[in-house]
Amino acid sequence: MNNEVNNRGLLVLAVALVIATSSVAAAGGNVLVNPGFETGDLAPWFDQTGLPFVTADEANTGIFSVAAFGGDSIRQNFAAVATEDILEVSLSIKRLGGPFSSYTFYYDDGSTTDELINGIGDGDDWLFFNITEFLDPGKSLDGFSIFGTSSGPAYLDDFVILVPEPSALLLGVLLLGLGVTRRKRRAAGSTA
Ligand SMILES: [Ca+2]
């Protein structure tokens, strides 16, 4: 039994080292927190200009979205991630007449790129926009902001800045290892 636990412990250690030294060691998934405003609050987004507000009047998914007019912009900052590691940047917007939203990518070298979503005439319902191709190659993204539209408001929801997940198999083995470590610690504690 002890040998089995030790062997599993060594395996776990090896896997953990592989994960730690892998280029996808960082937590995967959406780098944005509260990407669909389902906390009912803006944070950790913040109002960069104007008074954008979280509302239950409209939602692409869930209950909430953020409502913003042309002078309102929301921004979220995060740990820098290389643009070549970003799988997708996307969002959904609803506005009568179609959205017309300026947005900005912020990079850790202090540079920015401003782009425009022009969905005017594309309808009055939720529209999905994939803006991944507008990232600057060779840079590291550490912030994103976007304006609403006047007349409006424009409703914005389901923001995604997607980075790769660690392999589900490796993650499973790592979690198994954490369980083994915890049992060993408990066993050690009980003999003390
Ligand atoms: Ca939502």
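I take strands as DSSP runs of E, at least two residues long, numbered from the N terminus. With that settled, I placed P153 in the loop between β10 and β11 (154-163). I kept in mind that the model is predicted.

**Cis peptide bonds**

The peptide bond from G152 to P153 is cis, and its omega is near 5 degrees. I then looked at P44, which has its place in the loop between β1 (29-30) and β2. The bond from A43 to P44 is cis, with omega near 5 degrees.

**The sheet**

Next I traced the strand order. I found an open sheet of five strands, running β2-β5-β10-β7-β8 with antiparallel pairing. The edges are held by β2 (46-49) and β8 (112-118). Each has a single partner strand, so one side of each is left without a neighbour in the sheet.

I followed one pair in detail. Strand β5 (residues 73-82) pairs with strand β10 (residues 140-147) in the antiparallel sense, over seven bridges. Within this pairing I noted I74, which stands opposite I146 in β10.

**S145**

I stayed on strand β10 and picked S145, which lies in it. Is S145 buried or exposed? I counted 21 other C-beta atoms within 10 Å of S145. The cut-off for buried is 20 or more, so S145 is buried.

Which residues does S145 contact, leaving aside its neighbours within four places in sequence? I listed Q48, S73, I74, R75, Y103 and T104. Of these, I74 is the residue I had already noted opposite I146. I also checked S145 against F46. The two are 99 residues apart in sequence, yet their C-alpha atoms are 9.3 Å apart in space.

**Positive phi**

I went back to the loop between β1 and β2, where N34 lies. N34 is not a glycine, but its phi is positive, about 55 degrees. F37 has its place in the loop between β1 and β2 too. F37 is not a glycine either, and its phi is positive at about 65 degrees.

How many other C-beta atoms lie within 10 Å of N34? I got 18, so N34 is partly exposed. For F37 I got 27 other C-beta atoms within 10 Å, so F37 is buried.

Definitions and conventions: Residues numbered from 1 in each chain as written. Predicted model: local features only at pLDDT ≥ 70, side-chain atom pairs only at ≥ 80, totals over all residues. Pairing = 2+ DSSP bridges. Helix = DSSP H or I, 4+ residues; strand = E, 2+ residues; numbered from the N terminus. Buried ≥ 20, exposed ≤ 12 C-beta atoms within 10 Å, placed from the backbone. Contact = placed C-beta atoms within 7 Å.
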